Amino acid sequence: AAHIAELTDYMRRLSAMGRRMLLIIDEAQNLPVESIEELRMLSNIQVDGKSIIQSFLLGQTELEGVLSAPIMEQFRQRVIASASLNPLGELELYNYINFRMNKAGWQGEPLFSQEAVAVIHKFTGGIPRKINTFLDRVLLFTFMEEKHSIDVDVINDVIKEVSSELNHQVDDIPNA
């Protein structure tokens with residue numbers, strides 16, 4: 001209660017200066033329901049009929065499940081906007097990889113073959129976080145093995161390596 005009172009006082013001082021507070025929470029899918037309820041209660045604090053705090057929640061797809069629970073009805077009523085990022089399609093993934101490689105300083109022909117991108121897409125499901133983690137391993141492997149291009153064989157080698165590290169069975173690897 002003391003922390004809420006301090007936070008309320010701070011938000012009111014901000015409001016007096018014509019400012020508002022933005023609370024950004026990453027990995028919000030890990031928040032307990034009780035914490036989300038506290039956020040809802042904080043959003044009730046108003047000055048001159050205006051809420052003086054806005055919350056911006058970022059999270060994995062599990063966050064949608066948390067927020068769709070019946071107990072979250074009052075919280076959902078306060079949601080102004082929401083967006084979900086869908087997995088990348090294969091062409092989007094190809095363009096994404098080439099864009100990232102270009103930003104990292106890669107010049108010349110694309111490093112990844114179209115066929116390699118297709119296998120990456122299948123393995124990661126087009127999910128950007130999984131793509132980025134996997135591609136870190138692919139690039140490290142490529143460097144360590146002194147490869148100059150990334151084809152299906154390279155991708156399959158990394159999939160096998162990653163899968164064995166995670167003790168994860170991979171059944172659907174083309175050409176594995």
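Author: We may begin with the charges. The mean positions of the 16 positive and 25 negative charges of the chain lie 11 Å apart. Here Lys and Arg count as positive and Asp and Glu as negative, while His and the chain ends are not counted. Each charge is placed at NZ of Lys, CZ of Arg, CG of Asp or CD of Glu. Please bear in mind that this is a predicted model, in which local features need pLDDT of at least 70 and side-chain atom pairs count only at pLDDT 80 or more, whereas totals for chains, interfaces and linings use all residues. Residues are numbered from 1 along each chain as its sequence is written, and side-chain values use heavy atoms, with hydrogens and water left out.

Reader: How many salt bridges does the structure hold?

Author: Side chains of opposite charge can pair when their charged atoms come close. A salt bridge is defined as a side-chain nitrogen of Lys or Arg within 4 Å of a carboxyl oxygen of Asp or Glu. The structure holds 4 of them. One of these joins the side chains of Glu37 and Arg40, at 2.4 Å from N to O.

Reader: Where do Glu37 and Arg40 lie?

Author: Both belong to helix α2 (residues 33-43), 3 residues apart, which is about one turn of the helix. Helices (H or I, at least four residues) and strands (E, at least two) are DSSP runs, numbered from the N terminus.

Reader: Which helix holds Glu73 and Arg76?

Author: Glu73 and Arg76 lie in helix α4 (residues 73-76), 3 residues apart, or about one turn of the helix. Their side chains form a salt bridge of 2.5 Å, N to O. Glu73 is partly exposed at 37%, and Arg76 is partly exposed at 29%.

Reader: What does the salt bridge of Arg137 and Glu161 tie together?

Author: The side chains of Arg137 and Glu161 meet at 2.7 Å, N to O. Arg137 lies in helix α7 (residues 128-144) and Glu161 in helix α8 (residues 152-165), so the pair ties together parts that are 24 residues apart in sequence. Arg137 has a relative accessibility of 23% and counts as partly exposed; Glu161, at 29%, is also partly exposed.

Reader: What pattern does the chain follow along the sequence?

Author: The chain has 8 helices and 4 strands, in the order α-β-α-β-β-β-α-α-α-α-α-α.

Reader: What is the radius of gyration of the chain?

Author: This value is taken over C-alpha atoms, and the globule rule is 2.2 Å times the number of residues to the power 0.38. For a compact globule of 176 residues the radius would be near 16 Å, but the chain has 23 Å. Its C-alpha atoms fill a box of roughly 65 × 35 × 25 Å along the principal axes. Buried residues make up 27% of the 176 residues.

Reader: Which residues is Ser43 in contact with, leaving aside its neighbours within four places in sequence?

Author: Contact means heavy atoms within 4.5 Å. Ser43, placed in helix α2, is in contact with Ser51, Ile53 and Arg78 once those neighbours are left aside.

Methods. Buried < 20%, exposed > 50% of the residue type's maximum accessible area, 1.4 Å probe, protein only.
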